[in-house]
Amino acid sequence: MTRRVAVTIALVLVALSGAIDAQVTYDRLLRAQDEPQNWITYSGGYSSQRHSLLTQITPGNVRNLELKWILPNQVFGAWQSSPIVVDGMMYITQRPNDVLAVDAKTGRVFWQYRYTNSPDARVCCGANNRGVAILGDMLYMGTLDGHLVAIDRTTGRSLWDVPVGDPKLGYSLTMAPLVVKDKVLVGSGGGEYGIRGFVAAFDAKTGKELWRFHTIPGPGEKGNETWGGDSWKTGGGSIWVTPSYDPALNLTYWGVGNPGPDWNPDQRPGDNLYTDSVIAIDPDTGTLKWHFQFSPNDPYDYDSVQIAVLADLNWKGTPTKAMLWANRNGFFYVLDRTNGKFLLGAPFVKVNWASGLDANGRPIPTPQPEGMPTWPGVQGGTNWYSPSFSPRTGLLYISAWEGYASVFRKEKAEYVPGRNFLGGGGTPYTGVTGAPGVRVGRATPINSWTDAAGNGAVMAIDPMTGQKKWVFKQFDVTDSGNLTTATDLLFTGGREGHFYALDARTGVELWKASLGGQIANGPITYAVDGKQHVSVISGNSLITFALRD
Amino acid sequence: MLLRATLLVSFGLIASAAPAGAQLLTVDHPGQYTQEDIARGSLLYNAQCFACHGRDGDQISGVDLRRGQFRRAQSDEDLAQTITRGTPGGMPPFKLDPAELTGIVAFIRAGFDTSASVKVGSAARGKSLFDGKGECATCHRVAGRGPRKAPDLSDIGLARAPAMLERSVRDPSSALQPINRPVRIVTADGTTIRGRRLNEDTHTVQIIDDRERLLSIPKKGLRSFDVITESAMPAYAGKLSDDEIADIVAFLLTLRRQ
């Protein structure tokens with residue numbers, strides 16, 4: 001009994017000391033790796049490896065994980081948000097634009113911030129928000145009606161709120177912003193509305209806009225010649241996932257979305273820069289340092305909105321600052337992140353829209369006859385689901401859709417401001433006339449499309465060869481992000497609602513929790529009071545595990 | 001310059017929120033709805049709407065009637081139409097006569113405030129009192145300025161109706177929301193923690209302490225845990241004149257940062 005009281009006292013004291021209001025400085029963001037008890041950016045650090053140095057949970061004890069707490073979401077719809085954790089406090093967004101401050105140890109909520117969107121807000125694919133960024137004592141969130149909001153980390157009240165894009169024209173902010181130095185960086189979604197995409201930087205203290213780089217170059221700007229006529233005006237190029245940052249090169253790396261109209265390339269002759277590209281942007285000035293386009297003149301909606309994973313590799317004997325990228329178009333790429341040079345490319349799923357990549361990484365197109373299936377289908381070989389890279393195994397871990405195709409059609413699209421600007425569509429292919437294809441999200445508990453329409457998989461890709469080291473197959477597809485730890489665990493999930501710990505070296509399943517709801521975010525790990533926790537969102541619940549006490 | 005930017009942003013917010021946002025009777029629509037309509041609407045609301053929308057009008061996801069947050073409606077006509085036609089797969093249609101409909105709309109637009117007696121003065125004078133003589137700013141935070149000890153008032157004009165604001169100023173303890181009550185905690189080792197309650201469950205309590213720290217405290221093993229029903233804020237009835245209180249209420253009503 002006495003001992004129990006002593007333990008309680010100790011816990012109270014730790015809880016108090018842990019809660020001391022330490023400012024999140026830029027220096028802390030730079031060295032996120034040095035504080036593995038925290039998860040202070042969307043991808044766990046600027047290199048976006050989603051790799052944690054915590055070691056308490058191991059392949060040997062992972063089966064002793066137990067439920068610690070659940071935070072239910074009162075709002076229905078895919079919960080794609082990824083929490084951040086700072087000094088025992090978790091900050092998570094929920095639809096449409098709420099922020100919750102949650103005690104990371106108990107799941108109890110300190111405050112809830114609610115943002116009321118303008119009725120003008122329009123989003124193609126649900127009222128998604130993927131999370132917040134932090135600097136000092138402020139949190140930053142983009143909103144569905146195109147605003148960027150700063151929130152007091154202690155009181156949960158807004159400090160400033162600036163319009164970034166016009167919601168009437170389809171601009172919306174769904175990505176978690178990235179803080180670099182004293183700036184908040186964000187890009188705009190709206191690729192289905194004929195927007196002209198951009199990334200922009202705002203003064204973290206005041207919200208003043210400091211620069212804006214258009215992902216679709218205007219007249220007189222380099223790259224505008226890749227757009228026939230006035231097609232650049234409605235060229236799309238949305239941004240809806242968080243960029244990565246290399247402090248040594250002082251470059252941010254952004255995945256750019258599809259061109260508009262999505263499926264009719266005839267209306268936008270040319271390569272359509274910088275859609276379906278990665279762009280390297282100087283965060284101080286907003287100037288473009290280099291770009292690499294994955295899918296020129298894309299007719300398939302192959303957004304390149306994947307997270308740029310930054311890894312330092314020994315590339316054929318030369319230490320190389322590399323960027324690893326498994327693209328929605330079905331190819332895996334290794335680029336030199338200093339200059340965008342193509343180093344390697346290989347398909348990781350069945351691909352028939354291109355026969356391969358040329359020496360510069362440009363695809364060799366093989367368009368399929370009308371009415372015939374194209375692999376991968378419209379949701380891609382992968383999509384925005386966060387990959388993980390383990391410097392220990394040297395492998396990139398991605399969530400992929402195998403054996404998944406669509407039949408694409410194109411039609412003339414007329415641009416009407418604020419309305420869908422699509423130019424056709426893609427119907428998931430099943431091989432059986434009238435059978436349901438894979439839907440964008442899980443709507444019923446029955447997998448009516450089955451693996452005849454495609455299956456999910458976690459793949460471990462060796463960046464040195466582009467080959468798969470192992471594949472962990474799932475029956476249904478997966479929209480889950482991935483997380484690795486320094487004990488060679490890989491946490492992942494899928495639409496079936498199973499949450500897995502795999503052996504990162506072999507892909508062998510070590511532990512599973514059947515949570516029921518689709519997992520459409522990236523799991524994270526953190527520690528409070530010296531205890532490692534793992535959090536994941538399944539359906540409408542944020543669920544946190546730790547080892548049995 | 002910073003202040004100016006802040007003000008501009010605030011104004012922008014008010015302007016952009018106006019079409020869909022809360023339109024408190026006393027601020028934006030003087031005399032638009034009669035007290036009689038509001039009272040009729042209040043009765044009708046309790047009989048017809050309460051079951052789903054709840055006492056405060058915020059029980060339906062994405063809808064907060066009292067604060068003027070709707071899924072579709074913007075104008076009074078939109079509101080009336082939603083009430084009479086219902087929504088697909090959601091709210092059923094209600095058969096109401098025109099006077100009843102006017103009453104419901106008036107009640108919603110008045111922020112559920114049926115009192116007619118609240119005096120609203122000058123917001124500019126209220127701001128001076130807030131920062132000066134009233135010493136409100138020594139405890140309350142507004143738009144990122146001021147301490148976090150007392151509740152942040154940046155959006156209080158959206159969150160509270162005028163009558164409630166007036167009561168909070170005159171006699172804070174009578175208007176103190178139970179969740180906001182001050183707490184005094186003595187831990188097993190004798191450390192005393194004072195703060196304001198933010199949340200609580202069977203096992204833990206979440207507070208902001210007097211050093212502005214967010215703390216989640218396990219209840220087990222605490223030497224004492226007291227929740228105090230008296231507000232830490234002084235009562236201003238008698239300290240300030242009725243006109244001065246009316247000015248402060250006016251200023252608080254302008255605090256509508258989302």
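Predicted model: local features only at pLDDT ≥ 70, side-chain atom pairs only at ≥ 80, totals over all residues.
Biologist: In which loop of chain A is the place of A:N250?
Modeller: Residues are numbered from 1 along each chain as its sequence is written, chains are lettered from A and ligands numbered from 1 in the order in which they are written, and side-chain values use heavy atoms, with hydrogens and water left out. A:N250 is not a glycine, although its phi is positive, at about 50 degrees. With strands taken as DSSP runs of E of at least two residues, and helices as runs of H or I of at least four, numbered from the N terminus, the place of A:N250 is in the loop between β15 (244-246) and β16 of chain A.

Biologist: What is the omega of the cis peptide bond from A:W375 to A:P376?
Modeller: Most residues other than glycine have a negative phi, and most peptide bonds are trans. A cis bond joins A:L273 and A:Y274, with omega about 0 degrees, and A:Y274 lies in the loop between β16 (251-255) and β17 (277-281) of chain A. A:P376 sits in the loop between β25 (373-374) and β26 (388-390) of chain A, and the cis bond that reaches it from A:W375 has an omega near -15 degrees.

Biologist: Which residue in the turn between β13(A) and β14(A) has a positive phi?
Modeller: Strands β13 (residues 198-203) and β14 (residues 209-214) of chain A pair in the antiparallel sense over five bridges, where pairing requires that DSSP finds at least two bridges between the strands. Along this pairing, A:V199 stands opposite A:F213. The two strands form a hairpin with five residues between them, and the turn residue with a positive phi, about 85 degrees, is A:G207.

Biologist: Which are the edge strands of the five-stranded open sheet of chain A?
Modeller: The order in this sheet is β1-β32-β33-β34-β35, with mixed pairing. The strands that pair on one side only, and so form its edges by that criterion, are β1 (51-52) and β35 (509-514) of chain A.

Biologist: Which element gives the largest share of the lining of the second largest cavity?
Modeller: A cavity here is a set of points on a 1 Å grid over the protein atoms alone where a 1.4 Å probe fits but cannot get out, and lining residues have an atom within 4 Å of a point. The residues that line the second largest cavity include A:Q306, A:W325, A:Y385 and A:I398. Two elements of chain A, β20 (318-326) and β27 (395-402), each give two or more residues to this lining. The largest share, three residues, comes from β20(A).

Biologist: What is the pLDDT over residues 1-31 of chain B?
Modeller: The mean pLDDT of chain B is 82, and 86% of its residues reach 70 or more. Residues 1-31 of chain B have 47 contacts (heavy atoms within 4.5 Å) beyond near neighbours in sequence, but their pLDDT is below 50.

Terms used
1 Å grid on protein atoms, 1.4 Å probe; cavity = no way out; pocket = protein on both sides within 12 Å on 5 of 7 lines; lining within 4 Å. pLDDT = per-residue confidence, 0-100.
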